[in-house]
Amino acid sequence: MCRSAVLGSLVLGLLAGPAHAADRRPDATAPTPPAAPDMAALGGLLRTAVSRGAPGAMARIDDHRTAWDDHATVHKATEGVADRGTGEAMNTADRFRVGSVTKTFSAVVLLQLAAEGRLGLDTSVNHYLPGLLPDDRITVRHVLSHRSGLYDYTNDLFAHTVTGFEAARNHVFTYRQLVARSLKHPLTHAPGAAFDYSNTNFVVAGLLIEKLTGHPVRTEYQNRIIRPLGLTDTFYVHPDPRIPGRYAHGYLTPDDAKAALVDATDQTASWAQSAGALISSTRDLNTFFSALLGGGLLPTRQLTEMERWVPAGTGQWYGLGLRRRDLSCGVSVYGHTGVVQGFYTYAFTSKDGRRSLTALANTSNNDAVHEAMLSTLESAFCGKRSKVRGAAPLSRPAGEKAVNDLAR
């Protein structure tokens, strides 16, 4: 299957928006093509995820022959159902909540502002938002790389998985209310001292976007990323609790193994906002990450800053709103994971943006499903060279069990 003119037409689309791609283009000579994806293994992993408790699972791979070509070979795989009530099958055209994949969108906006000279990565956050944070040493870079030491407020909100969610699902928070929840706790470490994943960082990112532009984050996502890339399935609808159009339902797994799954589809996602409230599709996320790594959203300097890695677990690294995972075959992939109640998302691309994978399981708070879905990266990017069979080892960031429902 092929689709036409996605990245090939991207350059023209970017001319209408403020994205910054002009000084970074892939070399004309394409690198050695990656190994063919192992679709049989990929399908097996989706079936494993369903057997372990996910109502449904799906994956889409977009494979470009060369960077910026006009066509991509598209591989799709689905298992199970998108809606347990109707029995409707999972479909890769379904929209879903992407959780912390939103963080990469937020980082792109701030890095574009840096390219415009409106933001300094090593400038104190309090320079732009006076008095917001308790330590003037916390810089924009610290926030975007999860090295600020700001306590993750979601540890408190979702200490109890289902009751915490039900208390928050229809609530509308302000950014400053979420930051205030974090600041009830001391810093977890000195600014810059260590990587410590915290959603508070990207709530601060949202405040920075709105202060520097004078616009809601929705407007900046739309003008700088969604419209230029033609992402027709990508929305920031906060605080509307509904997913527009066709979508997969998301089901939260209770901590009690005997309890029924909770349909968590409808929610304001106000507790997440610029840290995790976007809605998208497999096609749109593949387009986004392919464009980002292919040089279509940031100049070379800012993309290089985004890829200044700090260790973030076994075989994992974190830049500025971007993850790197090192696979068993020696290939590294770049993107983000996302966990919001009812949805596990895995969206990654190759270094040159030529091959992109987005995979989804419509459940959360289920380690066995999470482990199986992580292995889809091996099947997609290593193919039959993968040394991983079955579930990939899970390296859990600190505090994830307490949170477990916002993308990591």
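**Group meeting: a walk through the model**

Helix α3 passes helix α9 in a left-handed crossing. I start there, and a word of caution comes with it: this is a predicted model.

Stay with that helix pair. α3 covers residues 102–115, and α9 covers residues 200–213. How are two packed helices described? By the angle between their axes and by the distance between those axes. Here the angle is about 40°, and the axes lie 10 Å apart. Angles under 35 degrees would count as roughly parallel, and 65 to 115 as roughly perpendicular. α3 and α9 are therefore oblique to each other.

Which residues make the contact? On α3, they are Lys103, Ser106, Ala107, Val109, Leu110 and Leu113. On α9, they are Phe202, Ala205, Leu208, Ile209, Leu212 and Thr213. An α-helix has 3.6 residues a turn, so residues three or four places apart point the same way.

Now step back to the whole chain. The protein chain has 408 residues, and 61% of them are buried. Its secondary structure comes to 15 helices and 14 strands. Take the contacts between residues at least 6 apart in sequence: 73% of these join residues at least 24 apart.

Next, the cysteines. The structure holds 1 disulfide. Cys329 is joined to Cys382, with S to S at 2.0 Å. The link ties distant parts of the chain, 53 residues apart. Cys329 is in the loop between β10, residues 323–326, and β11, residues 332–340. Cys382 is in the loop between α14, residues 376–381, and α15, residues 400–403. Are these cysteines buried or exposed? Cys329 and Cys382 are both buried. Left-handed or right-handed? The torsion about the S-S bond is about -70°, so this disulfide is left-handed.

On to helix α7, residues 161–168. Its buried residues are Thr161, Gly164, Phe165 and Ala168. They cover an arc of only 100° around the axis, so they sit on the same side of α7. What covers them? The cover includes α6, residues 154–157, and β5, residues 251–252. Turn the helix over. The face away from the buried side carries Thr163 and Ala167, which are exposed.

Spot one is a cis peptide bond. It joins His238 and Pro239, with omega about 10°. Pro239 sits in the loop between α10, residues 217–229, and β5.

Spot two is His146. Its phi is positive, about 55°, and it is not a glycine. You will find His146 in the loop between α5, residues 140–144, and α6. Why is His146 called buried? Its relative accessibility is 0%, and the cut-off for buried is under 20%.

Ala269 lies in the loop between β6, residues 262–263, and β7, residues 279–280. Ala269 has a relative accessible area of 1%, so this residue counts as buried.

To recap. The α3 and α9 pair is oblique. Over to you for questions.

Methods: Residues numbered from 1 in each chain as written. Predicted model: local features only at pLDDT ≥ 70, side-chain atom pairs only at ≥ 80, totals over all residues. Heavy atoms only, no water. Disulfide = S-S within 2.5 Å. Helix = DSSP H or I, 4+ residues; strand = E, 2+ residues; numbered from the N terminus. Buried < 20%, exposed > 50% of the residue type's maximum accessible area, 1.4 Å probe, protein only. Arc of directions from axis to C-beta. Contact = heavy atoms within 4.5 Å. Axes fitted to C-alpha atoms, helices over the stretch in contact; angles between N-to-C directions. Parallel < 35°, antiparallel > 145°, perpendicular 65-115°, else oblique. Left-handed = near helix turned anticlockwise from the far one by under 90°.
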